[in-house]
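Have the structure open as you read.

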Amino acid sequence: KYVENVKQDTTIGTNILRVSASDEDADNNGAIIYNLTAPYNPSDIDYFSILPESGWIVLTRPLDRETYKLEAIAMDRGFPPLSRTVEVQIDVVDRANNPPVWDQTVYGPIFVKENRNVGDRVVSVKASSGIENNPTVFYRLIRGSTAQTNKYDTFYLQQRNDNGHTWADIKVNHPLDYESIKEYNLTIRVENNGVQQLGSEATIYIVLEDVNDEIPLFTEREQETVLEGEPIGTPVTRVNAIDKDGTFPNNQVFYGIVRSPRNEGRDYFEINEQTGEIFTKVVFDREKQGAYALEVEARDGAPSARPNSNGQPNSGNHDIFNKKKILIGPYPEVAHYDSKLRNLTKPASLRSERLSEELREQRLLSADISSRLPYFESVNSSASELISNPENTRIARKIDTRLKD
């Protein structure tokens, strides 16, 4: 139930109070619209209206009764829509009573870095009680229906006295994240300490500023192959990293080869700083070395806001490297022969080095046979003449037997 005291001479168009509901559903199922009814006295609705998106109840005509009883309805946009009602009572007090008066009714925009610490103060606001000789006021931060309106208590209020004035300090209660929520619209309420307690509300508009607190992360780690004998500048692969910061140049990514003794591939490959494409710097010989481990890094485009960064950009130097194993494959014709053999049923332990050696042996054997072909043709011709001569039957049988063997 909401109960609000309102002065009798309150001006038409004044925001009287704000009702708020929350819905945990996603999308339209969790989007809330507000409506206002007067089930107890239907004419009460003639004095007030409600803003359907925000829940503010607004005065629409001069007050002339002591009490108004309304019902506010919060309804989601799901199908079928679900709703909940709450009673709203508005009591009219003598015009001699005054509500608290804010120094400002709207504060902001107040720009706040997203890396502010929990407990940091982001703004201080103040209101006077409106009662002579009774300066006491009480503040509270109203919890809204969305994360942007402090549904999850991202900010909290701390009241303090200073030089006879009572201030409300708005402080960070949970870590802020620009990439999740960029703006907050807070409602703060103040009430005085009169016999008929009156209150008023103000709005605090907070805008987060992005800082460079995200490290670029590689999207894959995989093994690549480059054929031996390929010319310098042959493309090998392309790496990709994503920086989750919300603004440029915090989320701009540059690539580089890690210049470290532990990076064995550093002198054999180069990388395009903008695209992440990796190229060869030498012509590889698989007999010298069959594989290389290559480390590349991704670096963003602005000084880091992370602790102990010394003003340097965020990069893989912190703890994130992309380590790729690059295999050196055989010459193209050997690779083709190798791929055909894989389709045959062979022992699993057969290695590509052994296949290459067998291919070289096969080539040597073919060359040797080709060089002896004229001799074999001469022998075959002589044997045919002997076999066709019936006088050489015994010799023919022996030659025929040898040829079959």
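This is a predicted model: local features need pLDDT of at least 70, side-chain atom pairs count only at pLDDT 80 or more; totals for chains, interfaces and linings use all residues.

P303 sits across from P313 in strand 24. Strand 24 (residues 313-315) is tied to strand 23 by two bridges, and the two run antiparallel. A pair here needs at least two bridges found by DSSP between the strands. Strands themselves are DSSP runs of E, at least two residues long, numbered from the N terminus.

Strand 23 covers residues 291-303 and also pairs with strand 20 (residues 253-257), again antiparallel, through five bridges. There, D300 of strand 23 faces V253.

## The 2-5-4 sheet

Now for an open sheet: three strands in the order 2-5-4, with antiparallel pairing. Strand 2 (15-18) and strand 4 (48-50) are its edges, each pairing on one side only. From one strand to the next, the twist averages 25 degrees, taken between lines fitted to C-alpha atoms, on a scale from 0 to 180 degrees between N-to-C directions.

Strand 5 (residues 56-59) is joined to strand 2 by three bridges.

Numbering runs from 1 along each chain as its sequence is written, and side-chain values use heavy atoms, leaving out hydrogens and water.

Average pLDDT (the predictor's per-residue confidence, from 0 to 100) is 83 for the chain, with 78% of the residues scoring at least 70. Over residues 336-350 it stays under 50, and the model has seven contacts for them beyond four places in sequence; a contact means heavy atoms within 4.5 Å.

Note on methods. Helices (H or I, at least four residues) and strands (E, at least two) are DSSP runs, numbered from the N terminus.
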